[in-house]
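Hi there,

Here is the structure I promised to pass along. Have a look first, and my notes follow below.

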Amino acid sequence: MRTLILFSSVLLSAVTLLSACSQTASRAPTTATVVEPAPVLAEPAGPQPAEPEAPDLPLRDASRDMTRKLEVQQRSQEVEMRRMVKPAPSSAGMAYYAPPPPPPVFVQPENRDNYASLDRNAVQRVAENPVSTFSVDVDTGSYANVRRYLTQGQLPPRDAVRVEEFINNFDYGYSAPRDRDQPFAVLTEIAPTPWNDKTHLLRVGLQGWKPQTRPVGTNLVFLVDVSGSMLDADKLPLVKTALKMLLEDLSARDRISLVVYAGASGVVLEPTPGDQRQHIAAALDRLEAGGSTNGGAGIQLAYAMARQGWIEGGVNRVLLATDGDFNVGTTRFETLLDLVREQRRSGIALTTLGFGQGNYNDHLMEQLANVGDGNHAYIDSAQEAHKVLVRQREATLTTIARDVKIQIEFNPAAVAEYRLIGYENRALAREDFANDAVDAGEIGAGHTVTALYEIALAGSGGEKIPALRYGAESAADSRTQELAHLRLRYKRPEDGADAASRLIERALSRREILQRPEQMSDSLRLAAAVAAFGQRLAGDVNLGAFDYTRIEQLAASVGDDPYGDRAGFRQLLRTAKALSVQAGVDAVTPIGG
């Protein structure tokens with residue numbers, strides 16, 4: 001019996017030891033582990049039991065055999081453990097550490113780019129809705145952002161396409177105003193629509209006045225997002241490259257401040273004379289990305305720095321460089337907009353420069369610039385940074401007209417229908433036009449603004465909406481030579497935020513209509529091609545069968561191209577055509593389809 005008890009005890013210890021070894025072998029240690037030798041048990045004190053009698057020998061032999069097997073298994077498991085882990089450099093010969101993890105498997109990051117949902121402008125019947133009112137837009141961010149998608153081999157989301165920003169990305173060589181008293185010239189042209197021979201394109205072009213001398217001083221606050229989301233090469237490193245471009249033409253009368261924000265915000269550089277370029281560039285070079293994004297606190301601090309460096313009669317502006325991924329602090333969309341609305345009354349404008357992809361908040365960036373009396377650009381390369389901040393420096397930084405609104409009243413005796421191309425998120429109510437308390441867009445020095453309407457003349461056969469059975473269609477009268485009446489309102493920046501707006505108005509006549517497509521100017525041909533490109537990417541059914549090939553033909557001869565912008569546009573056309581064929585969406589599909 002004693003032998004049986006002894007065997008049971010040994011067998012239980014062996015099973016326990018085997019379980020422990022199995023658990024040890026099944027999981028790799030996460031920290032350095034020292035393997036201790038098995039403890040030696042002392043002989044029990046007192047008289048030892050007698051050797052078992054002969055009948056118990058088979059049980060004892062079985063116990064010894066089991067013990068040997070367990071020892072062999074344990075030694076085998078220890079050898080396997082030594083093979084799997086690499087000894088750490090240590091004087092203790094039994095110290096080990098876990099092997100390095102296998103290389104990570106690349107997983108395409110989720111695309112969290114955020115775009116406002118756009119309901120494309122519908123055709124309007126003049127007899128029912130004769131007045132069209134909207135705020136001007138000089139932003140170009142949508143074009144550069146869509147270019148980024150296409151050059152990376154992707155068709156863009158349709159909501160990323162704001163057609164008016166495509167059109168306004170280009171300089172059409174409009175004639176400049178004669179003097180500063182009226183800050184922009186107004187030009188119109190009416191010609192057959194390239195994609196519909198039964199309608200016409202009406203272009204309204206504005207060319208901003210460009211001063212011959214520099215402003216008395218430029219007070220700029222660089223507000224830079226240094227959160228963890230800005231680590232990528234097309235984010236913070238590109239921000240540094242872009243902002244340094246602004247330093248080349250500064251003087252001692254200019255002021256540069258640098259404010260950063262991540263989980264918290266801080267001042268890296270207080271207002272510093274612009275001729276201290278190396279000092280300012282060194283401050284930019286020290287920036288590193290990491291942490292969460294408290295953009296609201298950064299905006300407040302940036303405006304405080306702008307007030308500290310205020311230059312009377314000069315340019316006072318905050319330049320926000322970020323991917324727009326605000327995730328701590330003030331994060332509610334409307335609250336951030338209200339914050340900027342409140343600050344703009346100080347006379348400090350806000351320009352937003354968008355960077356990066358994957359979590360880019362286009363919706364917020366575009367709207368912050370809108371309510372901040374500024375403009376929005378997307379920087380996808382050093383070349384785009386040079387265009388926005390060097391070539392178009394004055395247009396980006398110097399405002400020549402505020403709260404600019406356009407209103408067109410169409411004559412129902414001459415025009416049956418109209419459709420405004422783009423400007424969906426710039427629409428204003430009819431009564432907002434004369435209300436100076438309603439905010440609108442700004443025009444920078446030398447800026448070009450273009451708006452296109454597709455119109456169907458009365459009786460042309462180009463109408464798409466049947467007339468109302470009981471509608472009061474206007475009878476022809478002595479004013480049938482007038483197609484429409486154009487009105488513009490604006491405020492001069494030097495008159496102050498509460499100044500009354502000024503009015504420009506003129507009638508558009510039938511005599512202005514060009515009868516043949518070849519009479520169309522190069523500038524309108526280019527604008528039409530760019531507008532068709534944007535509408536095509538957005539899936540607009542109004543283009544009919546006017547495909548990428550025909551758009552490319554329209555853009556084949558578009559005048560001088562000193563910076564290669566128009567050649568780049570034609571290349572994007574070819575890229576979009578190839579991607580559309582590859583994706584099987586070469587045919588026009590309904591919006592939202």
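Strand 6 (residues 184-193) and strand 7 pair in the antiparallel sense, with 10 bridges between them. Strands here are DSSP runs (E, at least two residues), numbered from the N terminus, and two of them pair if DSSP finds at least two bridges between them. This is a predicted model, in which local features need pLDDT of at least 70 and side-chain atom pairs pLDDT 80 or more, while totals for chains, interfaces and linings use all residues. Residues are numbered from 1 along each chain as its sequence is written, and side-chain values use heavy atoms, without hydrogens and water.

A hairpin of two residues links strand 6 to strand 7, and Pro192 sits opposite His200 in strand 7. Strand 7 also pairs with strand 17 (residues 448-457), again in the antiparallel sense, over eight bridges; there, Gln207 has Thr448 as its bridge partner. Of the 13 residues in strand 7 (residues 196-208), 11 are buried (under 20% relative accessible area, 1.4 Å probe, protein chains only).

Now for the cavities (sets of points on a 1 Å grid over the protein atoms alone where a 1.4 Å probe fits but cannot get out; lining residues have an atom within 4 Å of a point). The whole structure has seven of 30 Å³ or more, with volume being the space filled by probe spheres set on the points. Strand 7, strand 15 (415-421) and strand 17 each give at least two residues to its lining, which includes Asn196, Thr199 and Glu454.

Best wishes

How values were computed. Buried < 20%, exposed > 50% of the residue type's maximum accessible area, 1.4 Å probe, protein only. Helix = DSSP H or I, 4+ residues; strand = E, 2+ residues; numbered from the N terminus. 1 Å grid on protein atoms, 1.4 Å probe; cavity = no way out; pocket = protein on both sides within 12 Å on 5 of 7 lines; lining within 4 Å.
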